[in-house]
Amino acid sequence: MLRISVTSDSAVSIHFQLEGKLIGPWVEELRQLSNTALLGNKTITLDLKKLWFTDLEGAGLLRELHQRQVSQINCSQFITQQLLAVHQPTMEEEAPAMTKTSEKAGPLSAESFLIHRVINGEIECFYELVRPYERAIFLAALSLIRNEADAEDIVQEAVLKAFKGLHSFRQEAKFSTWLIQITLNEAKMRLRKDRRHLYESLDEGQRSEDGDYVPKDLADWREIPSEALEQKELREALIKALNLLPEKYRTVFVLRDVQKLSIAETVQALGISEASVKTRLSRARLKMRDTLATSFRGLSA
C-alpha cells in the first residue's frame with residue numbers, strides 16, 4: 001500500500017519519498033522511521049508528491065511530524081485538505097440523525113451514507129468510498145492511455161476531481177459510473193494535450209466508407225476456448241490485441257467485457273448512444289478475434 005524510499009541520507013539529514021497510501025500498518029512504519037531519524041538528530045524531509053491518500057491516523061501522524069519540524073514537500077491539495085481536517089462525529093454518533101432523515105426519504109445505502117459523511121466534513125471516508133473502484137478506474141484510464149505510469153497519474157487526478165466535486169454528485173447514477181466518467185474525461189484531456197492519437201496504429205484491417213472497422217466475418221472473439229486463454233502466450237497475445245484496438249472500440253470493450261458495466265452505465269460513462277455502445281462492442285470483439293486468429297491457429301497446429 002505504501003512505499004517509503006530513502007532518496008538521500010547524510011549525517012545530518014534524511015529525505016524520504018512516500019508513494020501510495022498512508023494507512024494501517026504503514027502509519028506505524030513511518031512513525032518508527034521518523035523517530036529513529038529524529039533521535040539521531042537528523043532533519044527529515046518527506047516528499048509527498050506520490051502520496052495520494054492517507055487515513056485519519058496517517059493524517060494525524062503527518063500533522064504530528066510537522067509539529068516536530070519535519071518538512072513536508074510536494075503535498076497535493078487533497079492531502080493538504082486531509083491534514084487540515086478536524087474531528088467529526090463517528091458513524092455511531094451520527095447514526096440517529098441519519099436514521100431520522102431516512103424515515104422520510106427512505107433508507108440510505110452504505111455508499112450514499114459515505115457520500116453524506118464526506119460532504120459533511122469526514123474526508124477520511126472518501127478513501128472507503130473510492131477503494132472498491134480503484135482497479136476499475138485504473139483500467140478505464142489504461143484503456144485510453146496504454147501507459148501504466150500515465151494511467152496512475154490520471155487516476156490520482158480523477159480521484160482528486162471527484163473529491164472536490166462530490167457535493168455536485170446528484171446520485172442519479174452509480175458513484176462508480178460517475179467516477180469512471182471523470183477518469184475517462186481526464187484521460188481524454190491528457191490525450192488531447194499529448195496528441196498521442198496522431199500516432200494510432202494504421203494497421204486496422206478493412207474499413208467501410210465512413211472509416212469504421214469491417215471484420216472479416218461475423219464470429220464472436222469469445223468463441224475461443226476458455227482453457228486456451230489460460231496459457232501465458234495467449235494472455236500476452238490478448239493484451240497485445242487489446243492495445244491494437246482503436247481508442248473508441250478499446251474503451252467500450254474494457255467497460256463492457258472487462259469491467260462488466262451494463263449498457264446503460266457504459267452509455268452514461270462515455271456519453272454516447274446505446275446503439276453506438278452495441279456497435280462498437282461488436283466490432284471490438286470481432287477485431288480482437290481477427291487479431292488473435294493467427295495465434296490460436298498456431299496453438300491448434
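## Terms and model

Helices (H or I, at least four residues) and strands (E, at least two) are DSSP runs, numbered from the N terminus. The model is predicted, so local features need pLDDT of at least 70 and side-chain atom pairs count only at pLDDT 80 or more, while totals for chains, interfaces and linings use all residues. Residues are numbered from 1 along each chain as its sequence is written, and side-chain values use heavy atoms, with hydrogens and water left out.

## The sheet

Strands of a sheet pair through backbone hydrogen bonds, either parallel or antiparallel. Here an open sheet of 4 strands has the order S1-S2-S3-S4, with mixed pairing. Strand S1 (2–9) and strand S4 (71–73) are at the edges with a single partner strand each, so one side of each has no neighbour in the sheet. On average, neighbouring strands of this sheet are turned by 25° against each other, direction ignored. For such angles, axes are lines fitted to C-alpha atoms, for helices over the stretch in contact, and angles run from 0 to 180 degrees between N-to-C directions.

Two strands pair if DSSP finds at least two bridges between them. S1 and S2 run antiparallel and are joined by 7 bridges; they form a hairpin with 3 residues between them. Two of the bridge partners in S2 are Glu-19, which goes with Arg-3, and Gln-17, which goes with Ser-5. On the pairing of S2 with S3, the sense is parallel and there are 9 bridges. There, Leu-22 has Thr-54 of S3 as its bridge partner. S2 is largely enclosed by the rest of the structure, because 8 of its 10 residues are buried. Buried means under 20% relative accessible area, exposed over 50%, and partly exposed in between (1.4 Å probe, protein chains only).

## The largest pocket

A pocket is found on a 1 Å grid over the protein atoms alone: it is an open set of points where a 1.4 Å probe fits, with protein on both sides within 12 Å along at least five of seven lines, and lining residues have an atom within 4 Å of a point. Grid points are joined across faces, edges and corners, and a volume is the space filled by probe spheres set on the points. The largest pocket holds about 720 Å³ of space.

Its lining has 23 residues, and those nearest the centre of the pocket are Lys-50, Trp-52, Glu-152, Asp-153 and Gln-156. Strand S2 (13–22), strand S3 (43–54), helix H7 (134–145) and helix H8 (148–164) each give at least two residues to the lining. H8 supplies the largest share, 8 residues. By class, 11 lining residues are nonpolar, 4 polar and 8 charged. In this count Ala, Val, Leu, Ile, Met, Phe, Trp, Tyr, Cys and Pro are nonpolar, Asp, Glu, Lys and Arg are charged, and the others, Gly among them, are polar.

In helix H5 (residues 110–119), the buried residues are Ser-112, Phe-113, Leu-114, Ile-115, Arg-117 and Val-118. Just after H5 comes Gly-121, with a positive phi of about 110°.

Helix H13 (residues 263–270) has Glu-265, Thr-266, Ala-269 and Leu-270 as its buried residues. Seen down the axis of H13, these fall within an arc of 120°, so they line one face of the helix. The arc is that of the directions from the helix axis to the C-beta atoms. An α-helix has 3.6 residues a turn, so residues three or four places apart point the same way. Thr-266 of H13 has a relative accessible area of 0% and is therefore buried. Thr-266 and Thr-251 are 15 residues apart in sequence, and their C-alpha atoms are 9.5 Å apart in space. Just after H13, Gly-271 has a positive phi of about 70°.

## Two loop residues

Gln-69 lies in the loop between helix H2 (56–67) and S4. Its phi is near 70°, a positive value in a residue other than glycine. Gln-69 counts as exposed, because its relative accessibility is 67%.

Lys-260 lies in the loop between helix H12 (247–258) and H13. Lys-260 is likewise a residue other than glycine with a positive phi, near 65°. Its relative accessible area is 61%, so Lys-260 is exposed.
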